[in-house]
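Reader: Got the model open here. Can you walk me through it? I'll jump around.

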Amino acid sequence: MTSIDAPETGRKHQSSRGDLLMAALRLLGPHRSVSSLGLREVAREADIAPNTFYRHFRDIDDLAVALIELSGEALRKVVDQARMNTVSGNAVVRGSVEAFMSQLRSEDGLLQVLLREGTAGSDAFRRAVDRQLDFFEEELRVELVRLTEAAGQPLHDPALAAKAITRLIFAMGTHALERPREHDAELIRQMSEMVMMILLGSRSLRARLG
């Protein structure tokens, strides 16, 4: 086995942060936690010598947090899809839930990392996941305000509604990972109705409180 200080003969002379992240994703698969990855294992998968790893990450935990941050970007694509649905005239809620499920089932496995580490990861990883969820909630809040005010149906406490929706899809997404894809259509239906219940309840409360 190549030692950490060994020369990189036979390995790539150029590597990138992205090479290591993609190598880690390939190793994770659908069920493995990032905490189980080894530095040498990731380096071998990326076809680099172990000492090259340190040009991009302090340690394997640093790489894991970077993976979680990259996964957060995948989650935020759902908001972008909601904007596209608005322009195209599609049903925003169902279209956004379908976009979430599409990201969840994507071959890159990014969203799976976010969901898995939020429930099974270390404290540091869970904090990293919480930061990504906070970013998503804020983007979702802005989009909810835009959509509901344009429709003349403002929400009571949009930030809380965004938080409720985020935690709902996070929990349902984790559940979906444990079920075969054949169940996705039913899960999409359930998630869409649950999100609508949150929105209708928030609108009703706004009207009641004035």
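**Helix by helix**

Author: Let's start with E45. E45 is partly exposed, at a relative accessible area of 33%. Bear in mind that this is a predicted model.

Reader: Which helix does E45 lie in?

Author: Helix α2 holds E45.

Reader: And which residues does E45 touch, beyond four places away in sequence?

Author: A23, R26 and L27.

Reader: Back up a bit. How many helices and strands does the chain have?

Author: There are 9 helices and 0 strands. Reading from the N terminus, the elements go α-α-α-α-α-α-α-α-α.

Reader: How much of the chain do buried residues make up?

Author: Buried residues account for 43% of the 210.

Reader: And contacts with a separation of 6 or more: what share comes from residues 24 or more positions apart?

Author: That share is 69%.

Reader: Now the inside. How many residues has the largest nonpolar core?

Author: The largest nonpolar core has 58 residues. L63, L67 and F100 have the most contacts inside it.

Reader: Which helices each supply at least two residues of this core?

Author: α1 (17-28), α2 (39-45), α4 (60-88), α5, α6 (110-120), α7 (123-150), α8 (158-177) and α9. The largest share is from α4, with 11 residues.

Reader: Take L67. What does L67 touch, leaving out residues up to four places away?

Author: L21, A24, L25, L28, V34, L110 and V113.

Reader: What about D62, buried or exposed?

Author: Buried. The relative accessibility of D62 is 18%, and the cut-off for buried is under 20%, so D62 falls on the buried side. D62 sits in helix α4. Setting aside residues up to four places away, D62 touches H56 and F57.

Reader: Change of topic. V97: which helix?

Author: V97 is in α5, residues 92-104. V97 counts as buried because its relative accessibility is 6%.

Reader: And what does V97 touch, not counting residues up to four places away in sequence?

Author: I188, M191 and S192. V97 and M191 are 94 residues apart along the chain, with their C-alpha atoms separated by 7.0 Å.

Reader: At what angle do α5 and α9 pack?

Author: About 135 degrees, with the axes 9 Å apart; α9 covers residues 184-209. That angle makes α5 oblique to α9.

Reader: Left-handed or right-handed, as α5 passes α9?

Author: Right-handed.

Reader: Which residues meet there, α5 against α9?

Author: From α5, V93, R94, V97, E98, F100 and M101. From α9, D184, I188, R189, M191, S192, V195, M196 and L199. By class, this contact of α5 with α9 splits into 9 nonpolar, 1 polar and 4 charged residues.

Reader: Now α7 and α8. How do their axes cross?

Author: At roughly 125 degrees, coming within 8 Å. The two helices are therefore oblique to each other. The α7 and α8 crossing is right-handed.

Reader: Which residues make the contact?

Author: On α7: V129, D130, L133, D134, F136, E137, L140, R141, L144 and V145. On α8: P158, A159, A161, A162, K163, I165, T166, R167, I169 and F170. The classes in this α7 and α8 contact are 13 nonpolar, 1 polar and 6 charged.

Reader: And D157? Where does D157 lie?

Author: D157 is in the loop between α7 and α8. D157 has a positive phi, near 50 degrees, and is a residue other than glycine.

Reader: Why flag that?

Author: Because most residues other than glycine have a negative phi.

Reader: Which loop holds D47?

Author: The one between α2 and α3, where α3 is 50-53. D47 is not a glycine, yet its phi is positive, about 65 degrees.

Reader: How exposed are they? D47 to begin with.

Author: D47 is partly exposed, with a relative accessible area of 33%. D157 is partly exposed too, with a relative accessible area of 36%.

Reader: Good. That covers my list.

Notes
Residues numbered from 1 in each chain as written. Predicted model: local features only at pLDDT ≥ 70, side-chain atom pairs only at ≥ 80, totals over all residues. Heavy atoms only, no water. Helix = DSSP H or I, 4+ residues; strand = E, 2+ residues; numbered from the N terminus. Buried < 20%, exposed > 50% of the residue type's maximum accessible area, 1.4 Å probe, protein only. Contact = heavy atoms within 4.5 Å. Axes fitted to C-alpha atoms, helices over the stretch in contact; angles between N-to-C directions. Parallel < 35°, antiparallel > 145°, perpendicular 65-115°, else oblique. Left-handed = near helix turned anticlockwise from the far one by under 90°. Nonpolar A, V, L, I, M, F, W, Y, C, P; charged D, E, K, R; others polar. Core = buried A, V, L, I, M, F, W, Y, C linked by side-chain atoms within 4.5 Å.
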